[in-house]
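Hello! Here are some notes to go with the model you are looking at; each point takes one part of the structure in turn.

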Amino acid sequence: MNKPYQSPWRTLMRGSSIALAFTLAACGAEAPPSEPVTEVEAPIEEVLPVMGPERVILGFGDSLMAGYQLEEQQGYPEVLEAVMRTRGINARIIDAGVSGDTTAAGLQRIEFVLDNMGETPDLAIVELGGNDLIRGVVPEVSRENLTGILDALAERDIPVIMMGMRAPPNAGPEYQSAFDNMYPELAAQYNAALVPFFMEPLIANPDLLMGDRIHPTAEGVQAMVAATVDDVIAALPEEES
């Protein structure tokens, strides 16, 4: 198997919290160093031979995409790539996640990322919004920033799958409704695929969280991949004949 792409963005700005800070006890606490980790097997059901042309996928997001405090091969893009390849898909996922990114930061760098890829990806995974929740960014501003990101991808005819987030109840009903509805509404507007709540496997099982009670462990990433790999595969456009 080809060695996964080593992202130049992965090492930048590590150390920020994400949306679970609103709902978990360690809100705002600095994450303690994680215990030494060993290489974890990808959640593989049946290994199929890799076939067909290479399918390039851009993973564009924050610490959930960047693999906060995980080893290189344990981040979401890397595990997703490994699982897709066991499904016979010649996937190469470019990890363009930056810990701490808000939707505004993502908007500022999307053109730079696309310009420096050297190729047009077959699909873009857009995963942003958790840090907007932490900073109390009003949903209208987050929506405007995500719209700019989706516009940049649409201008280059790049299909998108959005990884949705959800605001906690203590954000208030108006904020919660505006924020939560932002993802399905934008997905419909841009004909993008949607995972309604990217972090749902972590909410269901707190043991999949690091000691900061915010970021996924290696096992948590595997659970997130298992919950979303079919959606990502379905979002890939058909291969050109």
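1. Let me start with Thr103, which touches Leu128, Gly129, Asp132, Ser142, Asn145, Leu146 and Ile149, leaving aside residues up to four places away in sequence; contact here means heavy atoms within 4.5 Å. The model is a predicted one, in which local features need pLDDT of at least 70 and side-chain atom pairs count only at pLDDT 80 or more, while totals for chains, interfaces and linings use all residues. Numbering runs from 1 along each chain as its sequence is written, and side-chain values use heavy atoms, with hydrogens and water left out.

2. Thr103 belongs to helix α3 and is buried, with a relative accessible area of 0%. (Buried is under 20% relative accessible area, exposed is over 50%, and partly exposed is in between, with a 1.4 Å probe and protein chains only.) The side chain of Thr103 also makes a polar contact with the side chain of Asp132, at 2.6 Å. Such a contact is a pair of N or O atoms within 3.5 Å; within protein, one must be able to donate a hydrogen and the other to accept it, and residues adjacent in sequence count only if both atoms are side-chain atoms.

3. How do α3 and α5 lie relative to each other, roughly parallel or roughly antiparallel? The axes of α3 (residues 103-115) and α5 (residues 139-155) come within 8 Å and cross at roughly 10°, and the two helices are therefore roughly parallel (angles under 35 degrees). Axes are lines fitted to C-alpha atoms, for helices over the stretch in contact, and angles run from 0 to 180 degrees between N-to-C directions. The crossing of α3 past α5 is left-handed, that is, the near helix is turned anticlockwise from the far one by less than a right angle.

4. On the α3 side, that contact is made by Thr103, Ala104, Gly106, Leu107, Ile110, Glu111 and Leu114. From α5 come Ser142, Asn145, Leu146, Gly148, Ile149, Ala152, Leu153 and Glu155.

5. Helix α2 (residues 76-86) is largely enclosed by the rest of the structure, because 11 of its 11 residues are buried. Its cover includes β1 (48-61), α1 (63-66), β2 (87-97), β3 (123-127), β4 (160-163) and α8 (218-235). Just after α2, Gly88 takes a positive phi of about 90°.

6. Met65, in helix α1, is buried at 0% relative accessibility. Among the residues that Met65 touches are Tyr76 and Pro77, both of them buried residues of α2. Met65 and Gly75 are 10 residues apart in sequence and 6.9 Å apart in space, C-alpha to C-alpha.

7. Most residues other than glycine have a negative phi. Asp157, in the loop between α5 and β4, has a positive phi near 55° and is exposed, with a relative accessible area of 68%. Asn191, in the loop between α6 (173-189) and β5 (193-195), has a positive phi of about 55° and is exposed at 72%.

8. Finally, the overall picture: the protein has eight helices and five strands, taken from DSSP runs (helices H or I, at least four residues; strands E, at least two) and numbered from the N terminus. Of its 241 residues, 53% count as buried. Among contacts between residues at least 6 apart in sequence, 83% join residues at least 24 apart.

How values were computed. Parallel < 35°, antiparallel > 145°, perpendicular 65-115°, else oblique.
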